[in-house]
Amino acid sequence: SYQAKVKAAIKKKIGSALKRMLNFNAPPLKNTAAEPVWKVLIYDRFGQDIISPLLSVKELRDMGITLHLLLHSDRDPIPDVPAIYFVMPTEENIDRICQDLRNQLYESYYLNFISAISRSKLEDIASAALAANAVNLVTKVFDQYLNFITLEDDMFVLCNQNKEQISYHAINKPDIMDTEMEGIMDTIVDGLFCYFVTLGAVPIIRCPRGNAAEMVAVKLDKKLRENLRDARNSLFTGDTMGAGQFSFQRPLFVLADRNLDLATPLHHTWTYQALIHDVLDLYLNRVSLEESPGSEASPAGARPKKKSKKSYDLTAADKFWQKHKGSPFPEVAESVQEELDTYRAQEDEVKRLKSIMGLEGEDDGAISMLSDNTAKLTSAVSSLPELLEKKRLIDLHTNVATAVLDHIKSRKLDVYFEYEEKLMSKSTMDKSLLDIISDPDAGTPEDKMRLFLIYYITSQQPPSEGDLEQYKKALIDAGCDLSPLNYIKQWKAFTKMAAAPANYGNSGVKPMGLFSRVMNTGSQFVMEGVKNLVLKQHNLPVTRILDNLMDMKSNPVSFIPPPQTLQTFLLLAIVFVVGGGNYIEYQNLVDYAKAKQGKRVMYGCSELFSATQFMKQLSQLGQK
């Protein structure tokens, strides 16, 4: 289908751009038996973040990368090996590269800059190469235009290093200077420009008026126009377009501002990927868990065992993850259990066949040499590597889902999720907000504060002074920090003048009652007391903006430029949130696209924050 093609093409473009770079900027040769040329890869933290979600250490090794080192670490000379650099063109990086040239660390230097290098910095490298007598060693200098991080086929985020410089807090702090704001906008525009160069497509830009996103839109538009005007050096013509993969149609690019919707990033969620990001530590597709030490007690007087950290990669190759990352949690738990049961059945089959033939202790090699009545067993044994990989993934999801479930149960997250969904869809409440805030068993102080902020943000009328005092007292008694509320109060007063409150649609959740005691008695996941909530599809504010544009609906939001030219040719739309995004919004767009046959939607944001990280920023903004 067209959708799948577009989706694959984007990830492939970025992957192949990296592979090309690691092959000295020549197209990698297909399936040759020749050994790759051995080389070292030198990157900075930015380069590391870009490569790590896309290429595993094994893939790097297959491409001939024997060592990958950080630019600013102590590196020994390896004079007979070429070095590929992948770094930002910053002052300190350039100085360090010049130092490497002087110290004659490598046989040759292939310099790749993540974002375009300026003329003056290029001259610095040239003069350093001259002085070091190394001009012929600097083989190539390339601008890669890869200054963004691809987390999913249809999701990207701008740099993670120095993200506090372009954070929601940085953009919205009251005392921001114009020059600072210009700097933030330029950083965001640089990342977006790189994204479209890599995509090989010039977007049609649309953006609601009157906020930081509009400033980004204007700057990006100017930068794209300037590049297109210079036909000889334009990045959007000729072979850079990858044989014009998208040249026949321009994608719609919708820039939204975080301030259009502050409730969603605080929302407790119910889908697998978003829950992992909310309650565990998920960073660049790697989740870190604290493994609780075994249950056996330490001998008296011994030091308590340290909790060990274990991390797992959630990758595109993991079919279970791809299928279930957007599913409601109860469904995930059920599926993990089913996978586990099927796996055990297969494992038992191998054991049974072995024992019938009296081969319990034999190794698998000896088995395959027996006569043909063992064909069945051989096929069972030959699927062992597959079986082991399956087992690894089942263990991974069992551990991750169990860790998530612990949080749901100990913090009553199902109660929070359901209550907030009702607030956001203006449904009737069966329980008072004060009860949840005052319930010592329901959630952490931060959970309570998130719930209250969503109530405050979504209410048509803010609570009366008297009620507010009562809520504040309950929140303080529960141990909450009230500074985020100070900021949200100012924000609400300001947006009230500017625009109508965001509409969250009639979302609603259907509670299916509590889980039947457990899903089945042998299950790993004892769900007693957790609500079995089923989601109804509804569009969040950011999705609704896109929907209005795609379907040419009358629009409560005024856009620049006014959306009259968008006819039916829209097949690819990219939504980008200035000020930070989250997996709830991403998932909402994915679900929306599924319902729109033939249309492809992608999501990007200036940073990806969890509710905890967002609360910290609100708290900084609200400190008096």
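Predicted model: local features only at pLDDT ≥ 70, side-chain atom pairs only at ≥ 80, totals over all residues.

Me: Start with α18, then. How many residues does α18 have, and how far does it reach?

Reply: Helix α18 covers residues 465-477, which is 13 residues. From first C-alpha to last it reaches 18 Å, close to the 18 Å expected at 1.5 Å a residue.

Me: Which residues of α18 are buried?

Reply: Leu468, Tyr471, Lys472, Ala474 and Leu475. Looking down the axis of α18, these buried residues fall within an arc of 165°, so they line one face of the helix.

Me: And what's on the other side of α18?

Reply: Gly466, Lys473, Ile476 and Asp477 are exposed there.

Me: What about just after α18, which residue has a positive phi?

Reply: That's Gly479, with a phi of about 90°.

Me: Switching topic to His268. Where does it lie?

Reply: His268 is in the loop between β9 (252-257) and α9 (272-279).

Me: Is His268 buried or exposed?

Reply: Buried: its relative accessibility is 1%, and the cut-off for buried is under 20%.

Me: Leaving aside neighbours within four places in sequence, which residues is His268 in contact with?

Reply: The list is Asp278, Leu413, Tyr416, Phe417, Glu420, Asp447 and Arg450.

Me: On to salt bridges in general. How many are there by the count?

Reply: The count comes to 25. One of them joins Glu152 to Lys325, with the closest N and O atoms 2.5 Å apart. This pair links distant parts of the chain, 173 residues apart: Glu152 sits in strand β6 (residues 149-152), while Lys325 is in the loop between α10 (319-324) and α11 (329-356).

Me: Are Glu152 and Lys325 buried or exposed?

Reply: Glu152 and Lys325 are both buried.

Me: What about Lys223 and Asp190?

Reply: Their side chains meet in a salt bridge at 3.8 Å, N to O. Here too the pair links distant parts of the chain, with Lys223 in helix α8 (residues 212-229) and Asp190 in helix α7 (residues 178-199), 33 residues apart. Lys223 counts as partly exposed at 30% relative accessibility, whereas Asp190 is buried at 17%.

Me: OK, and Glu389 with Arg392, how far apart are the closest N and O atoms?

Reply: 3.0 Å, and the two form a salt bridge. Glu389 and Arg392 are three residues apart in helix α14 (residues 384-411), so about one helical turn separates them. The general point is that an α-helix has 3.6 residues a turn, so residues three or four places apart point the same way.

Me: How accessible are Glu389 and Arg392?

Reply: Glu389 is partly exposed, with a relative accessible area of 36%. Arg392 is partly exposed as well, at 44% relative accessibility.

Conventions. Residues numbered from 1 in each chain as written. Heavy atoms only, no water. Helix = DSSP H or I, 4+ residues; strand = E, 2+ residues; numbered from the N terminus. Expected span 1.5 Å × (residues − 1). Buried < 20%, exposed > 50% of the residue type's maximum accessible area, 1.4 Å probe, protein only. Arc of directions from axis to C-beta. Contact = heavy atoms within 4.5 Å. Salt bridge = Lys/Arg side-chain N within 4 Å of Asp/Glu carboxyl O.
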